[in-house]
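Visitor: Could you take me through one part of this structure slowly? I would enjoy a close look at a nonpolar patch and its surroundings.

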Amino acid sequence: MQNKCFWGFRSLVRRKQVDSVHVKRKGEGHHHELARKLGVPDLIAIGVGATIGAGVYVLVGTVAREQAGPALTISFLIAGIAAALSAFCYAELACRCPSAGSAYHYSYICLGEGLAWFVGWALVLEYTIGASAVARGVTPNLALFFGGLDKLPALFARHTIPLIGVVVDPSAALIVLIVTFLLCTGIKESSLVQMIVTSVNVSVLMFILIVGGYLGFNTGWVGYELPSGYFPFGINGMFTGSAVVFFSYIGFDSVTSTAEEVKNPQRDLPLGIAISLLICCILYMLLSVVVTGLVPYYALDPDTPISSVFAGYGVQWAVYIITTGAVTALSASLLGSILAQPRILMAMARDGLLPSFFSDINKNTQVPVKSTVTSGIFAAVLAFFMDVSQLAGMVSLGTLFAFTTAAVSVLILRYVPPDEVPLSSALQESIKSVSSRLSCNIQESDSKNLQSSASSSENESHNLHEIREALLGCPPIEKSISQVNLNEQTRRKIASWTITCLCIGVFILAFTASAKGLSRFAIHFTDVDIYLIAIL
């Protein structure tokens, strides 16, 4: 009984090798590999598109009106710094463990199978419910083009089933199925569409900044001429606003799920994550500067802040451009969610945690079509039948769990690394160049000394044998080697206990903050604090 319990515990904490996925696929056909076609521009498009959702068009007015006021710009900056720390975790892990699976893959290597299983399902929960919630937001935005929800065509309008009282949304299910079909055509085609849609969304944001800035300079930025000053809710309100807008930066983690489809993952993944997050942070800050400067923060419409601001200045036609940006933002965010989910399922199936059905890769498109279709249909059914906005908190929980495990994995890779951790790309290239030169020199010397190789090899082996016996018989060398091994074991043990105590302490602090009514601070406190200690 004790042996069974011990075996069960060992199976929960066992860790896979970094390159185990690639080792398994060496004997398999080429159709089991994902196509490496993505570069830095593709990753930036995926990251920006998945991060900038339609929520920012509403979040600006809500947070400025209720929490931060004109200091919303600083709130976005603080949240951007916190998100950058999490992004650094993902960038470092993506360089050292470049494989599909994102936080699930990293936690399996560093934390063990049991925790990786929970992380994998948390990511599935995040992407599935997130995609369904995003799809549900398409219908209200489409209705603005037709003049209201009651004027939508019957095919796109919401309907209520009389007997059960469920409100179905055909538009949400339709757009999920369209995105799913697009993802099945290939990763390069999907990234091209994502780049186009994201460009439209960014262009709409630039239109808001340019036109809004022009109006602001003409009217004197009345939103900043208030007796309450720049911090009407105080410093606490500014930090509370940063905790709320932190979730507007979520989405860059979907970039790491495409690690096996990137041409040069060690170089391109960190660049894609960093540049996409920087673009989002700059756009958010500039947008908040313009919106809070055009009108007083307390006069902002909490539902349609940007459209109402432009309508107040007599620019009613701008509502159609802003609505176009909201629809494209929803589409890009939806594509980013459904893109990442099948690759999480594929990684779990490769490790035996799901049926092998989910790990199959299509020969022609070189994408996991079966996983994509399955996750797309499930998300479409949820978006059609359910209003998943009430489950949005579960998405935040899954994101927090994934970010925290990524931060802990960075600590483990630095101080208690697994048995096999890949070397840096520069070191690998130098080793390859040196080994190639040595092999060439050996071949030349062998061709010149082919006749005298037998006698010389016997003498060299005899000399090497004598040297080895002399070295092994030397007590100081044996003592120094054993001392080094003992010091390394002691260091790893101290580092392991330090990381464990650190995680427990951060959890207690976050739980205490949540119990004291500071839950919004506790939401992103954990991973930020862990990574701050890691970089020190």
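Guide: Here is a walk around the nonpolar patch and the helices beside the topic. This is a predicted model, in which local features need pLDDT of at least 70 and side-chain atom pairs count only at pLDDT 80 or more, while totals for chains, interfaces and linings use all residues. Residues are numbered from 1 along each chain as its sequence is written, and side-chain values use heavy atoms, leaving out hydrogens and water.

On the surface, Leu 177, Val 373, Ile 377, Val 381, Phe 385 and Met 386 make up a nonpolar patch with about 480 Å² of accessible area together (Shrake-Rupley method, 1.4 Å probe, only the protein chains shown counting as cover for residues). Patch members have over 30% relative accessible area and no salt bridge, with nonpolar side chains (Val, Leu, Ile, Met, Phe, Trp, Tyr) joined within 5 Å and like charges within 9 Å; a salt bridge is a side-chain nitrogen of Lys or Arg within 4 Å of a carboxyl oxygen of Asp or Glu.

Helix H15 (residues 369-385) contributes the most, four residues; helices (H or I, at least four residues) and strands (E, at least two) are DSSP runs numbered from the N terminus. Val 381 sits in H15.

H15 packs with helix H9 (residues 170-184) at an angle of about 170°, their axes 8 Å apart. Among the residues that meet are Leu 177 and Thr 180 in H9, and Val 373 and Ala 380 in H15, contact being heavy atoms within 4.5 Å.

Notes: Axes fitted to C-alpha atoms, helices over the stretch in contact; angles between N-to-C directions.
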